[in-house]
Amino acid sequence: GLYTINASQHSPLIGYAYDGFPIYGAYGYMNTDGTGGIVRMKSSYSLRNITVRTTYADGTDVIDGPPVNSTYPLGHYKEDYEFITPTSPDYLDAHNGRFCVTPEYPNGTYAYFCTVDANWNSAYPYAVGPTFYGNKVAAKVTSITETVTTYTPSSSSAGINPIESGNFIINIFPNPANDFVAIQLDNINKNNVEVALYDLSGKFIQKTMIYPGSTTSYIDTRTLYAGEYILKINIDGKETSRKVQIAD
């Protein structure tokens, strides 16, 4: 369920949490009353300065995890994070939400936001925080009685171009692209993955990173001329490339 991130407009409502409150994408109004322009909603969780995983940030005991190392870097587990009380309205609460005005709720509602960092990589706690704001009243649907048709997406029709590199399958979409190209790994990576875009003459255009603990990054193509480009992806020193088409 990837939606197109647009930094110039309020993100769409993309679902509801089990407690009934809406979940929005990454961008919302700066101020809770709907004023202040459109800004990125930010997680109030930060990485702790720890080398061992024996407690949560509040001191509560936790089943000991592996020490912080190159195999399990900071950000790999939820106890790696601590909540910092927000001082600005665009920073979310401990549940990764806030009470605010949205396009669908002009009188205000509590709402969760899917947080990303400045590079549009998913940022902990991603959607709903470690706890719900409201009471969890719904449950996972395990069966239905209605007649349904199973949807099997077609990679070619969806503009998804999977490639393999090492232990990863990499999806590149949409292709052709208009506003952005998304690069998505099928598993969470443990190291930085560099993604660079070049024109056909080999001239470097721009790059982005998929950071440890993330699976997706984006390249903004809105300012590029239409035509073919080369996307190079470096994972653990192994480079793979794919042509991408930028449409008019």
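Predicted model: local features only at pLDDT ≥ 70, side-chain atom pairs only at ≥ 80, totals over all residues.
Me: What percentage of the residues count as buried?

Reply: A residue is buried under 20% relative accessible area, exposed over 50%, and partly exposed in between (1.4 Å probe, protein chains only). Here 38% of the 248 residues count as buried.

Me: How many helices and strands does the protein have?

Reply: Helices (H or I, at least four residues) and strands (E, at least two) are DSSP runs, numbered from the N terminus. This protein has 16 strands and 0 helices. A contact means heavy atoms within 4.5 Å. Among contacts between residues at least 6 apart in sequence, 51% join residues at least 24 apart.

Me: How many aromatic pairs are there?

Reply: Rings of Phe, Tyr and Trp (its six-membered ring) pair if their centres lie within 6.5 Å; planes under 30 degrees apart are stacked, over 60 edge-to-face, and the rest tilted. The count by this rule is 14 aromatic pairs. One of them joins F21 and Y110 edge-to-face, with 5.5 Å centre to centre and 70 degrees between the planes. This pair links distant parts of the chain, 89 residues apart: F21 is in the loop between strand 1 (13-16) and strand 2 (22-24), while Y110 is in strand 8 (residues 109-113). F21 counts as partly exposed because its relative accessibility is 22%, whereas Y110, at 2%, counts as buried. Elsewhere, ring pairs link Y45, Y81, F83, Y124 and Y126 into a cluster.

Me: Which ring does the charged end of K42 sit over?

Reply: For a charge to sit over a ring, NZ of Lys or CZ of Arg must be within 6 Å of the ring centre and within 35 degrees of the ring normal. K42 has its charged end over the ring of Y91, 5.7 Å from the centre. Another case is K232, which lies over the face of Y198 at 4.9 Å from the ring centre.

Me: Where are the cis peptide bonds at P125 and P176?

Reply: Omega is the angle to read here. The bond from Y124 to P125 is cis, with omega near 5 degrees, and P125 lies in the loop between strand 8 and strand 9 (163-165). N175 and P176 are also joined by a cis bond, with omega about 15 degrees. P176 is placed in the loop between strand 10 (168-173) and strand 11 (180-185).

Me: What is phi of N96, and what is phi of W120?

Reply: N96, a residue other than glycine, has a positive phi near 70 degrees. N96 lies in the loop between strand 6 (81-83) and strand 7 (97-100), and counts as buried because its relative accessibility is 0%. W120 is not a glycine either, yet has a positive phi of about 70 degrees. W120 is found in the loop between strand 8 and strand 9 and, at 15% relative accessibility, counts as buried.

Technical notes. Residues numbered from 1 in each chain as written. Heavy atoms only, no water.
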